[in-house]
Amino acid sequence: MERRTPAKLSLLCPDSSPAATPPPTPGFTGPRRSSRLLTLSPGPTKPCNDASSSPITLTSPIKAKRRLSLESPSTDPITPNRSESKRPKRRVNCKKVLYGGAELQVGDDVYVKKRESVESDSEDLDVEECRICFRPASESKVMIECDDCLGGFHLRCLKPPLRKVPEGDWICSFCADKKSGKEVVWPKPPEGKKIKRTAKEKLLLGDLRAARIKSIWREVDGTHWLRCMWYRTPEETAAGRQLHNLRRELYRTNDFGDVEMESVLRHCFVMNPEEYRQASDQGDDVFYCEYEYDVNYHNFKRLSDFDGDTCDGYRAEINESSDYEMDSDQESDNDDTSIRRSSSPRNRSKVFAANSRKGRAFWLPKIAETKTQGHGKRHKQTKLEKASAALSLASRPMSHPCRNKEMEEIKTFVKGAIGDDQCLGRCLYIYGVPGTGKTMSVRAVMRNLKSEVDLGVLQPFCFIETNGMKLSSPNNIYKVIYEQLSGYAVGWKKALRCLDEHFSNGKKVGKKDQKPIVLLMDELDMLLTRNQSVLYNILDWPTRPNSKLIVIGIANTMDLPEHLSPRISSRMGIQRLCFVPYNHEQLAQIIFSRLKGIDAFEDNLIELACRKVAASSGDARRALQICQRATVLAEYRVKQSADAKAKGKSRVCLTDIEGALDEVFKSPHIQRMKMCSKFGKIVLVAMVNELHRTGGEELTFEKLSERVISFCSMHHVAFPGYDTLMRVCCMLGDSGIVLCEEPKKHMSQKLQLNCPSGTDDIALALKNCPEIPWLSLYL
Amino acid sequence: MAGSVQASVALVQLRERLCSRTFAHSLLQSSSDSNFRKLKFHISSSISSACSKVLLLRGDKGSGKAAVVELVLKDLKAEHPDAISVVKLYGLLHNDDDNSALEEIARQLCSGHEFSFSKTASLEENKEFLMDMLKEYGLARKTVVFVLHEFHLFTQGKQWLLYTLFDAMETFTSQSIIIVGLSCLEGSEQQLEKRVRSRFSSCTLLFGPPSEEDGRRLLEQLLHLQKDSSLPSKYVVEFNSRLHKIFSDKKFKEILSSFACADGSINHLLRFLFVASSYMDMESGHLSLQSFESAYSLMKRQPKFDSLHDLSILELYFLVCMHRLQCKEETSYNFNSVMKEYKAIQDAYRTSDNYSHAVCLRAFEHLLDRELISFTDAKGRNDSIRFRPVKLLVSSRELHDSLKSNPSCPAILQKLLDHESYM
């Protein structure tokens, strides 16, 4: 692994302050641990809980808890539930579970057995024994912990014996001897008594693991499972144990796992530095955690101050709410938990805003906390609803018909590029009109290749996806790429510099140095800047030796490379792939593949829609949308009729699909014209009449008003006045049927019809108007 | 005295109803084919089946699009508490091109959950926040409703707000993002960028003027006093019966239909009723046909014609002169040329309306202020008014009518106008 100097690092990522080497623990290395076993009285309270709400308060909790956990065999861990008989047939989320006498709840830290060592030494040492006399601590014999080897010693057993626990760090004589280079002889245990290890020791040696519970649920078969976030010891990180690591230090990770409840041993307490410093005598299971370790990128991040705050507030909240709903029932179903509102933050000055980068992690989980009532997946879906869901753009069908050839081509391209030992950089340009499945195909191929990587057929690669439309400025693409590559968010200039280094002289970002990178650039044409530098930079990287970069660009126009400057188009290479619009058979095939097993459409209706779409654009999205819209219309029709007979034959019929087609293809103007006010219609007809007479495209308000006046006098309608007429014209202009200048120009205001098919639309809309029958005379 | 107290209480009651944004539309929601029902069906079905949807509400200004959306969302919020959050954006305020739209989204999402919000967050941060929020909403099975007022203004420029939202609708599967666009402009979907249009599909609801039947029902429910109000029942009964008589009056129907000729929207009707209620006779405490009539005459006033009516004789001379110049096909004229024409007339007919140059300039400026004439060019601000070309904004017919209706207009002026234009 390559080490970077801290200075460089801080320069790289100023805001997240990550580090490739574990950062040194702060100077006050002696958070007073020496008096850990000074007395036995308060016992381990939960670090973040109020004493009142902690589930078990006992006078000597160490012993009591241990006994409980020993007495109740771990095979039958769960307290019998009174609703055992009517156990529901699905997963039930729980917030608290009584397990082995101890109460586990979300947010607690626990020891978890590693699978292989579960039975190795089942006798678990509850209380630490003195390293000299091998007897546990008791009321009269106070123990002290060595800050180096973490061994416990009775004050009296020491030579010379100590009267009270000393201030500051204390190191036992054995460690002191060891340090000064002397031979150390540890006292041997008495015959017949073998050395037992505590859970803490096991954890630090890697036989146990520590985890924080993220959620608890009960499976259908009644077993309880946890989703937990693992902690790691310094030895388990890529950097190994460093000199500055404390003995009891753990790293929080972003590694999650699901474990069964049975593998949980008992509580431990992972604290942040502040809590750790204050926790003076809380038993043996106390650990220190200051940094988060990213398992993917192998970097460390200091847990910022508010994180501590978070779990504080979070836990306090859980306790509040659990007090009233937990007394009767240990478990609670997700669906009937009362709604918990996120309380406003206690300490506003410290908390970042939710829409800033740092605050997001703190605020966002609160949304999920407020529970919805019954969610929609519950009710039985009708045929139409099923069809509508299958046809929605958001649904992810398993198969992608009609694009096999193109997908094969992409696949061979990527495979050819990756498979080379050299892995030369390459470019592929994909073009086609919207809705022809370009992005979908690339994604499907990438999923395919990922599974091949998992099987070990293909060497691993890294897939980065960017979309030009989602960037606020083209330059931000560097930022996005760098962030996906390394996990750090930096400014685009820095990102550009780092990426440039990465691709040119082999100074690699992150741990992806061995892997080739496949970069998908969707909506490539949005990345064009005036001097085209962004495209130039990105397309230049693949041409460099050892870049191992494969670029796939997607855009709509066929000849985008030709519009670019020659140095870019030459770098883009000649490999292109065209996605032609779907024809009606392909569209129908796509829809049928989605509707497999759902009989929601009457015969030939899908073909009708597909033919219409194929004739206009060949956009698969459009075809899906029309069919979905038709199902919704049918649904509405069925619901309105509210008739048992109609519900029986709830299928999409011709009227529905025609309605959907009309909505998409028919000009909306006609309906709108029919809804115009009376004078609006007269104005429109007058316009048509006047335009016919003059043969021009536009006319002035003066001409129009004269025509309207003559209409009015001929058909005995009261003329409403110029200003009202002007208002009517402006309203027509607002609705987009007429283009008009601002009304300030008054008489010389120019008006123009704005219908797709000109005057014919108006004739179609206003002929045989029941309100004003004489209008047809002028059409 | 008691009568007037009753009347003022009744008036307050009426005005509360007439000024409420949603009251009139809530009266119409019960009818079977109402937009309220359709909209509610669409939104609630996509909430229950967790699918995303775009709804486009089209209709003239004042046809009640926003009010119906408000009513539907209020209803649905009561049905699904805490499951819906609403983000309202206005096309005029939240321009697509800068941070303001995303910042506003972030602000509204934050305030909906009592999160703290930072104004200084960058565009990227806000965008990521939106995406993360949508993801979280998906996990929590909540619905976000984006209400885009003036939807057609979002369809200009780069349109990446729409692209982002539509793409999110495709990306997040287990959740419902509902976009309700309100637009009075037809063809706004034609302006969409091709990529955005491919992702765009909408259910369209058309808002039009209420039908005759609905309009009648609306009138009754708006103006009839409630029986169980604090007012004495005798008064309420009489008030309502009088109203009933007015409604069946032929003249009232005429007023109503001629009023709806220009603009039949509900908002226009409400405005008319409000004016009518202001003409209520406070002594008797009842609405009469008279009050509706005077309201109608007030509503159909033509401000342009009124301003023509108020002009002095000299100003009328000027307008006639300009009209004569126009008829002589002089395309461009300014104060000096108009003055020349005026002097020529004065020389020929020797009227008593011969004024000095300075007075004429004042009159000319007054006409400019009234916007009866205007400069043809926008530039040349530093030039003197006398040399800038102007044009007439009044048609000959309007001028003719105003001369006719002006009692103090000298006959010669009318003759001058007639002579030239109707020869």
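What percentage of the 423 residues of chain B count as buried?

Analyst: Of the 423 residues in chain B, 41% are buried (20 or more other C-beta atoms, placed from the backbone, within 10 Å of a residue's own; exposed is 12 or fewer, partly exposed in between). Keep in mind that this is a predicted model, where local features need pLDDT of at least 70 and side-chain atom pairs 80 or more, while totals for chains, interfaces and linings use all residues. Residues are numbered from 1 along each chain as written, with chains lettered from A and ligands numbered from 1 in the order written.

Chain B has 20 helices and 7 strands (DSSP runs of H or I, at least four residues, or E, at least two, numbered from the N terminus). Take its contacts (C-beta atoms, placed from the backbone, within 7 Å) between residues at least 6 apart in sequence: 74% of them join residues at least 24 apart.

Now for the sheet. Chain B has an open sheet of 5 strands, paired in parallel, and reading across gives β2-β3-β4-β1-β5 (a pair needs at least two DSSP bridges). The edge positions go to β2 (84-90) and β5 (203-207) of chain B; each has a single partner strand, so one side of each has no neighbour in the sheet. From one strand to the next, the twist averages 15 degrees (angles run from 0 to 180 degrees between N-to-C directions, with axes fitted to C-alpha atoms, for helices over the stretch in contact).

Elsewhere in chain B, look at two helices packed on each other: α5 (residues 100-112) and α6 (residues 123-139) of chain B meet at about 45 degrees, their axes 9 Å apart. From α5(B), the residues making that contact are Leu102(B), Glu103(B), Ile105(B), Ala106(B) and Leu109(B). The α6(B) side brings Leu123(B), Asn126(B), Lys127(B), Phe129(B), Leu130(B) and Met133(B).

Notes: Contact = placed C-beta atoms within 7 Å.
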